[in-house]
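Here are some friendly notes to read alongside the structure.

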Amino acid sequence: MTVLALETSCDETSVALLTDGTVRANVVASQIRLHAEYGGVVPELAAREHLRNLIPVARAAFQQAGATPADVDLVAATRGPGLPTALWIGLKAAQALAFALGRPLYGVHHHEAHLYSPWLSGQPPRTDFQAFQPHVSLIVSGGHTLLVHVTAELQHRLLGSTLDDAAGECFDKTGKLLGLPYPAGPWIDRLAEGGNPTAYTLPRPLQEHPGDDFSFSGLKTAVRYLVRDHPELLRDEVARRDLCASVQASIVEVLVTKTVRAALRLGVGLVTASGGVVCNRALRSQLQQACQAAGLQLRLADPAFCTDNAAMVAVLAERLHRHGHPPTDLDANIEPDWSLDRSHA
Ligand code: KG4
Ligand code: ZN
């Protein structure tokens, strides 16, 4: 079975082709440079870029896979959550294609698709569900910070999310306070390498709170006050590296502590993680250490599949189809605020 998937929920235009669980193409056109001068994603610009990029990206995906539209058995697209005008472009294009090809369409949940990206590994990337087991999944990006309990395939429950800023947003906003370009996450990652993570005592919001929700705005405010009261820090290269290392240590410690604690409380043996922030090297290595110490297995999404991509959308659509879920109506609308929970007993 060959699945054609489109992902346009935010600022990445992506098209993937998947045949029998193996990714044959996953082409991603990132708009990050376009939005950089505005310091964040501008929805109207994102939608225009998707319009511009979708067909060239789709052509490239078909070429890479050595396939044609006639080979497609199933069409998939992200239906939500995401930026409404951006979602419309991918979903409507997918519906038109499904209509023209006479194939079923699956309009899928973006975060549910993220749950599948840690399962795409190796070369060529393929999904291996023989290793599937109940797990806790951390999804962290510029727009979301989610902790999810996956009890079985396609059955999951949202444990917690952020009460204010997302983890990636916290990297980006504190980075801006430190004079770094958008998106600041990768810059903080690099600068933190030479810095001292204990140089500044920064809050670990909600870390000791028994619930599974997150909060990062207090950390951002602490950095704002620190640089307001000590502007000289920004002119000192060592201090800037130490600040980056301290901010990163705080975000990473909160994410790792709460994820491992949820996994142990729920009695699962596996943790998975995906989303742009999972590209962070400190987060990857500290999750590894903490899971090992707690006797938990860990599956981290490959950095190529951490950020938004259509391969994860294709895999989810294929699994929904295999598990007998009905396709989406060809006139169904987007779901910009779709909640994640799904439990089909
Ligand atoms: O998944 P993604 O591309 O989706 C969104 O558009 O939200 O994630 C982007 C986020 C940004 O906030 C970016 O700063 C962060 O992921 N990020 C990182 C790293 N690479 C990307 N944060 C920390 N360290 C990194 N290496
Ligand atoms: Zn995402």
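**Notes for a first look**

1. Let us begin with a loop: Asp20 sits between the strands β2 (12-19) and β3 (22-30). Please keep in mind that this is a predicted model. Asp20 is not a glycine, and yet its phi is positive, at about 45°. As background, a negative phi is what most residues other than glycine have, and most peptide bonds are trans.

2. Two peptide bonds are also worth a visit. The bond from Gly80 to Pro81 is cis, with omega near -10°. Pro81 belongs to the loop that runs between strand β4 (74-80) and helix α3 (84-101). The bond from Gln123 to Pro124 is cis too, and its omega is near -5°. You will find Pro124 in the loop between β6 (120-121) and β7 (126-127).

3. Now to the ligand. Which residues are closest to ligand 1? They are Gly142, Asp172, Asp189, Gly276 and Asn280, out of 18 residues that surround ligand 1. Sorted by class, this shell holds 8 polar, 6 nonpolar and 4 charged residues.

4. In the side chain of Asp172, an N or O atom is 2.6 Å from an oxygen atom of ligand 1. Gly276 takes part through its backbone, where a polar atom is 2.9 Å from an oxygen atom of ligand 1. Asn280 uses its side chain, placing a polar atom 3.0 Å from a nitrogen atom of ligand 1. How much of ligand 1 does the protein bury? Taken alone, ligand 1 exposes 550 Å², and the protein buries 90% of that.

5. Where does the shell come from? Helices α5 (167-177) and α6 (185-192) are the elements that give two or more residues to the shell around ligand 1. At the level of domains, at least three residues come from domain 1 (2-125 + 307-322), and at least three from domain 2 (133-301).

6. Domain 1 (2-125 + 307-322) and domain 2 (133-301) each supply at least three residues of the cavity lining.

7. Please look at the second largest pocket as well, which holds about 250 Å³ of space. Of its 17 lining residues, Gly107, Glu112, Leu320, Trp338 and Arg342 are the closest to the centre of the pocket. Which element provides the largest share of this lining? Strand β5 does, with 4 residues. Both β5 (105-109) and α11 (310-322) contribute at least two residues. The lining as a whole is made up of 7 nonpolar, 6 polar and 4 charged residues.

Key: Residues numbered from 1 in each chain as written. Chains lettered and ligands numbered in written order. Predicted model: local features only at pLDDT ≥ 70, side-chain atom pairs only at ≥ 80, totals over all residues. Heavy atoms only, no water. Near = heavy atom within 4 Å. Polar contact = N/O pair within 3.5 Å; in protein donor to acceptor, adjacent residues only side chain to side chain. Areas by Shrake-Rupley, 256 points an atom, 1.4 Å probe, with all protein chains shown as cover. Nonpolar A, V, L, I, M, F, W, Y, C, P; charged D, E, K, R; others polar. Domains from an automatic or database assignment. 1 Å grid on protein atoms, 1.4 Å probe; cavity = no way out; pocket = protein on both sides within 12 Å on 5 of 7 lines; lining within 4 Å. Points joined across faces, edges and corners; volume = space filled by probe spheres on them.
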